[in-house]
Amino acid sequence: MGRRMIKCECSDEELEIEDLKIEDNSFSHAFGTEYDYEVVCPNCQAPMGEFASPEEVIEAKQGY
């Protein structure tokens with residue numbers, strides 16, 4: 001799989017998938033837990049979900 005370079009509007013820095021952060025927006029309620037994970041820019045926390053899924057970020061960080 002080739003490397004995809006990702007650019008956020010907050011800077012000219014090019015990011016790789018493993019640079020992105022996963023924000024955990026999960027919450028508990030009376031019927032259990034809603035799991036909600038969002039891929040965000042490590043600098044400004046802007047949503048970056050169009051570039052990678054949380055699973056892709058985890059795999060990239062693990063070196064797959």
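Biologist: Which residues is E34 in contact with, leaving aside its neighbours within four places in sequence?
Modeller: E34 is in contact with S26, F27 and H29, where contact means heavy atoms within 4.5 Å. This is a predicted model, in which local features need pLDDT of at least 70 and side-chain atom pairs count only at pLDDT 80 or more, while totals for chains, interfaces and linings use all residues. Residues are numbered from 1 along each chain as its sequence is written, and side-chain values use heavy atoms, with hydrogens and water left out.

Biologist: How many helices and strands does the protein have?
Modeller: There are 1 helix and 6 strands. Helices (H or I, at least four residues) and strands (E, at least two) are DSSP runs, numbered from the N terminus. The order from the N terminus on is β-β-β-β-β-β-α.

Biologist: What are the overall dimensions?
Modeller: Taken along the principal axes, the C-alpha atoms fill a box of roughly 45 × 30 × 15 Å. Of the 64 residues in the protein, buried ones make up 19%. Among contacts with a separation of 6 or more, 36% are between residues 24 or more positions apart.

Biologist: Which residues make up the largest nonpolar core?
Modeller: That core has 10 residues in all: I6, C8, L15, I17, L20, V39, C41, M48, A52 and V57. A nonpolar core is a set of buried Ala, Val, Leu, Ile, Met, Phe, Trp, Tyr and Cys residues joined through side-chain atoms within 4.5 Å.

Biologist: What does M48 contact, neighbours within four places aside?
Modeller: M48 is in contact with I6, K7, C8, L20, V39, V40 and C41.

Biologist: Turning to the cysteines, how many disulfides does a search of the whole structure find?
Modeller: The search finds 0 disulfides, a disulfide being a pair of cysteine sulfur atoms within 2.5 Å. For C8, the nearest cysteine sulfur is that of C44, 3.7 Å away, and C8 is in no disulfide. C10 is likewise in no disulfide; its nearest cysteine sulfur belongs to C41 and is 3.8 Å away.

Biologist: Where do Y35 and I58 lie?
Modeller: Y35 lies in the loop between β5 (32-34) and β6, and it is exposed because its relative accessible area is 61%. I58 is found in helix α1 and is partly exposed, with a relative accessible area of 42%. I58 and L20 are 38 residues apart in sequence, with a C-alpha to C-alpha distance of 9.5 Å.

Biologist: What about the phi of Q45?
Modeller: Q45 has a positive phi of about 65° although it is not a glycine. Most residues other than glycine have a negative phi. Q45 is found in the loop between β6 (37-40) and α1 (54-62), and is partly exposed at a relative accessible area of 33%.

Biologist: P42 is placed in which loop, and what does it touch, residues up to four places away not counted?
Modeller: P42 is in the loop between β6 and α1. P42 touches L15, D19, L20 and K21. The C-alpha atoms of P42 and L15 are separated by 9.2 Å, and the two are 27 residues apart along the chain.

Note on methods:
Buried < 20%, exposed > 50% of the residue type's maximum accessible area, 1.4 Å probe, protein only.
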